[in-house]
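Work through the exercises below with the sequence and the model at hand. Each task is followed by a worked solution.

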Amino acid sequence: MRNSLEKYFECKVKYVKIQEDGKEKKVSEQYVVSACSFGEAEKRITESLSAYIQGEFDVTDIKIASFGEIIDGTGDGDKFFKAKVTFIALDESCGKEKKTSVLYLIQSESLEAAESDLKKHLSDPSITISSITETAILDVFTCA
């Protein structure tokens, strides 16, 4: 469970990657980390990626992610999908329905599996899945 002060941050990292054919290519990759501040997010992404990336890399962008929750789907999915979910609740003070949207990040192997994982996780008939799209996010690093 994450600390109430923690947020999710989307981080872009640029570095030179060795391709399968041995050629070098400059790439930009996107990751998500949980942290309390931008400085901590930069520190966490740098520490997390230094084990995987040989040589130098630059953190070129950090922004607060708008995900309400990250769902680790079933199976061995290596893709991340962003889902916008709309909840409908009754505002008891005025008797009207109120819609609230929340973004979820789901790790899954396909769009269909991500939708299924989201429905299992929420198990609420009053929700509407407005959209699900595949993202460019390669991995998520959360606090243990």
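**Exercise 1.** Is phenylalanine 38 buried, partly exposed or exposed in this predicted model?

Solution. The relative accessible area of phenylalanine 38 is 42%. Buried means under 20% and exposed means over 50%, so phenylalanine 38 is partly exposed.

**Exercise 2.** Find the aromatic pairs, and classify the one formed by phenylalanine 9 and phenylalanine 38.

Solution. The count comes to two aromatic pairs. In the pair of phenylalanine 9 and phenylalanine 38, the ring centres are 5.1 Å apart and the planes are at 70 degrees. Planes over 60 degrees apart count as edge-to-face, so this pair is edge-to-face. Phenylalanine 9 belongs to strand E1 (residues 7–18) and phenylalanine 38 to helix H1 (residues 38–50), 29 residues apart. Phenylalanine 9 has a relative accessible area of 1% and is buried.

**Exercise 3.** Classify the pair of tyrosine 31 and phenylalanine 141, and state which strands it links.

Solution. The centres are 6.1 Å apart, with 35 degrees between the planes. Planes under 30 degrees apart would be stacked and over 60 edge-to-face, so the pair is tilted. Tyrosine 31 is in strand E2 (residues 24–35) and phenylalanine 141 in strand E8 (residues 137–141), so the pair ties together parts 110 residues apart in sequence. Both residues, tyrosine 31 and phenylalanine 141, are buried.

**Exercise 4.** Locate glycine 77 and decide whether it is buried or exposed.

Solution. Glycine 77 sits in the loop between strand E4 (67–72) and strand E5 (79–91). Its relative accessibility is 9%, so glycine 77 counts as buried. Apart from neighbours within four places in sequence, glycine 77 contacts Gln107, Ser108 and Glu109.

Conventions: Residues are numbered from 1 along each chain as its sequence is written. This is a predicted model: local features need pLDDT of at least 70, side-chain atom pairs count only at pLDDT 80 or more; totals for chains, interfaces and linings use all residues. Side-chain values use heavy atoms; hydrogens and water are left out. Rings of Phe, Tyr and Trp (its six-membered ring) pair if their centres lie within 6.5 Å; planes under 30 degrees apart count as stacked, over 60 as edge-to-face and the rest as tilted. Helices (H or I, at least four residues) and strands (E, at least two) are DSSP runs, numbered from the N terminus. Buried means under 20% relative accessible area, exposed over 50%, partly exposed in between (1.4 Å probe, protein chains only). Contact means heavy atoms within 4.5 Å.
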